[in-house]
Amino acid sequence: MKKIFALLFLSFLISVTTFSQCPVLRASLINSCSSGAGEGLNEYVVFTTTVAAPVSSYDYKYRNTAPTNSPTGFLVGANAGAKSGTGTVATSGGCTIVEITSPSQVIPANSTVVYLSAAFDQNYDLSGLCTTGTIYVAYITIGTNGAVWPTNGVQANSGTGARYMQLAYQGTDCDIHTYTPSSLVGTDGAMVWWDAGVTDASAYTNNGCTTPVPPTPTTTITPSAIAAVCAGTTSTTMAYTATGSPDVYSITWDNAAITAGFTNVTNATLTASPLTITIPTGATAGTYTGSLVATNTSNSTSSTAQNISVTINAGSSSSITLTSATGTNTQIKCVNSAITDITYSITGGTPSVTGLPQGVTGNFNAGVFTISGTPTTAGSFNYTLSLSGASCGGTSIAVGSITVSDAPAATITTSKAPVLCQNDSVTLSTIESSNAGNALQFTGSSNQYVDPQILPNFYDNFTFEMWVNPTTTITLQTQNTSGASGTSGQHYALFPTWGGGNANGATDAGAGVSVGTNGIAVYEHGAAYLPALLVWNHTVTGWTHIAVVYTNKQPSLYVNGVLVATGLTSLRTHVYPSLGHGQNFSGQYGGIGGGYYGSFTGQIDEFRLWKTVRTGNEIATDYNKSIALPNSDLFAYYKFDEGTGTTTADASSNGFTGALTNGPTWVIPSGAPLGAYSYLWTPNGETTSSITVHSAGTYTVTVTNAAGCSKTISQVVQNITAVEKDTALTGCTSVTYGPTTYTSSTTVRDTVKSTGGCDSVYIVASITIQGITPVSKDSSLSGCNSVDYGLNTYTSSTNFKDTIRSVGGCDSVYINVSISVTPFNVTIAASNNPADKGSSVTVIASGNPNTFTVSSWEPAAVFTSQSALNQTFTADTSMLIKVTASSNGCADTATLALKVNPVNNADDFYIPDVFSPNNDGKNDVFRAYGSNIKIGQMKIYNQWGELLFESRNIEFGWDGTYRGRTQPVGVYVYVITATMNNGKTINSKGFFNLIR
């Protein structure tokens, strides 16, 4: 009987799905103990669930080449059903087997599940998988619903290189796990194992087909070399790395070390790297060796002993000691103001300093290093004084800060124009720009954040704070110590890191905060765990300071320096502050400004993470000012003052530079109200930011910021006295002055106010109405084709009213003008023009209006009757005919050019039946020919009836092309209509040949 053994692990969130519900792959039988057609039927996979869900939610995929290729095999939970093979599953211990026979059957969270082909024929003992509790076995029918699982073997039978396994939850792929076939141990019974949270195979085992067992847990510790110390040093540190989660360590010293006073260590708590090594007082120069062993007490596994050594050098150590007054190494000064000298006593080594502001320098003389000068540029400057060339170890570095402030950017504003009317007042107020430098803008994009890429290593007691200016709401949940309500509806100003600094989501959590205009909520994040432990339901408007203080795992919230809420105590083993490095958890990301489950919308400034529980007094004192540096309690401090670039500096001494990920933008300047101001007004001595004055004069205020830097500004207030002025206005029938229209003469007193609203001019307005009554007069004018009146010429009859104004501009005479225009036009037409010589021609005179008389015809020799309306004569030669006529006293003339043609063949008309458009100058154009053609039209069609050419000028023929392309040799159709000079019409239709 075969045995399946697996490690039992608590559920971890290792998925890339939105709700962190992916199962965790544990182990897989790569080569089953059947051969040939039955091998694939007996391969299996073991995984652990993270949530309660039907077995149909889980699919297993195997790929034998690239991880992006289509799977080679599927085990689909929707195909779970009854066992059809002869194989069996059993346990010899107290573990209960639940067989899954329906896709809808629910598997609880944190359960171990085995996927087997329903047709398996081997006998499996599950005792190694669980000794108590329940194990779930799902029988998967292969070959249906898209599931392909070759019966002759799947997981190690094809492909080269790495192989890829993957679980999916509800259709969404989870992490891809890998193994290498070349690492398998033997063939039949070869298994691959994964530890929780890893994707590459952690172990390969093969105990044959009788008793396959999981790999034995291992523990390792690897120490780093310990730096040499000087004689008289009482302790040193040793960095290390470890696997297998050891929690205690032991050091056994050799005889020389014991003789020198070193003491053995037995099962002491293994703290985070580095370890502190105690050096006995009086130990002389030399190298002392010990043996280091780390142990995991939960499974009783210990590491192989590792040698460590401590070297003590003879000689004096170097030192840097501040000798100027306490606090001089953390100065705040104004631009162009000299700093207080900072002095250090130096022993051993050569000192040098970096990070000083421009205008400040360091000088070493007679064992004293002095920092002095006058800073000329504003900013926060963290300097480092270091020693080189010391004969032995000791203190080789000292740090300090010089904060240089500009004078306040203050201006004076007034409640109205700075003028005083009688019995009036004006308020003067100062406006200061923020001392906060710059800030960052976040748009709410879920992948936009600042990532320092560091996991804080302290827990349960800490403080983080920042200035926020939110612009959208969040979903306010109920306070809870369980559940995952924070996966939606949140805008995280600090994204809670999964599992915190220990990256153990099963037991620990990272803390963060979601901020909206409607409230603030503190969330913790772990495996299937994202509840709000503190919810504050209040409006958040404009720039607001928030501080979250964890005291023994219980969060409290301070807003603008005031305690406003205390939340629930966390039930997690440890709660870590978050900072970034969301990649604790596969597929997740986040930091300051947001992360995987929602990002902040608005602006953030002055983010600080403290390793201590800040008191209410400390928060109230410091929330609206920059922190003096260095400060050993600060773990990270981001002022966001760069204003450009894709990184932001950590102002603490730890140097955790933050990366601006996916485009947070700079806000220049920040509006966060950092920095307190004081005021002194003259001449009255007021100390408020605004004053109200009642008399004219110059008012001056000196504004001083928290750094003691001042700016003096002034405002002149004037007193307005009104003057009097006269004005006269004249009108014909009325005068409008201001909003009033006057129709009779009068005197008006008006007041004009200054821009400050004071009476500045009194105006006495004398209004005179002339009262002229205009008279009316009629005028009539007439003409034949036009009439001139004034500057205008009228060509048609009309009536209008003209006005004559007096010298005062008033209407004095109205003239009613009547203009009558009687147009007359005469025209002449011939019965035939041109006419053949000897033919009879009739010319007719027409008039508009048609009642008129003719007074003459020219040439007079042709026309014997000079008054006739119509004339008939024999055409002999071409001539110009002129007629003169009149109607109602208006005369007009008309002319006609008569063309007389000589006698010829009136029916001369010819159409060819062939033409050759070959550009030889002969017969290149097809057209009709005739000497007496008056007008004509020609159309050319091809044999399919397509119109190729059309001309309304009979003399313009076709050149054998259509749309610029030469047409082929063949028969074409013409349709020609022509009118001869004698009026005869010819309509012809026929065929012709195009040859070349």
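The model is predicted, so local features need pLDDT of at least 70 and side-chain atom pairs count only at pLDDT 80 or more, while totals for chains, interfaces and linings use all residues. Residues are numbered from 1 along each chain as its sequence is written, and side-chain values use heavy atoms, with hydrogens and water left out.

**Salt bridges**
- The count is five, taking a salt bridge as a side-chain nitrogen of Lys or Arg within 4 Å of a carboxyl oxygen of Asp or Glu.
- Asp173 and Lys61 pair up at 2.9 Å, N to O. Asp173 sits in strand β14 and Lys61 in strand β5 (residues 58–63), so this pair links parts 112 residues apart in sequence. (Strands are DSSP runs of E, at least two residues, numbered from the N terminus.)
- Arg608 and Glu465 meet at 3.8 Å, N to O. Arg608 belongs to strand β52 (residues 601–610) and Glu465 to strand β40 (residues 462–470), so the bridged parts are 143 residues apart in sequence.
- Asp622 and Arg614 form another salt bridge, at 2.8 Å, N to O.
- Shared partners join Glu465, Glu606 and Arg608 into one network.

**Burial of the partners**
- Buried means under 20% relative accessible area, exposed over 50%, and partly exposed in between (1.4 Å probe, protein chains only).
- Arg608 is buried at 0%, and Glu465 is buried at 1%.
- Lys61 is buried at 14%, whereas Asp173 is partly exposed at 27%.
- Asp622 is buried at 18%, as is Arg614 at 7%.

**His177**
- His177 lies in strand β14 (residues 172–179) and is buried, with 5% relative accessible area.
- A polar atom of the His177 side chain lies 3.5 Å from the backbone oxygen of Asp175.

Key. Helices (H or I, at least four residues) and strands (E, at least two) are DSSP runs, numbered from the N terminus. A polar contact is a pair of N or O atoms within 3.5 Å; within protein, one must be able to donate a hydrogen and the other to accept it, and residues adjacent in sequence count only if both atoms are side-chain atoms.
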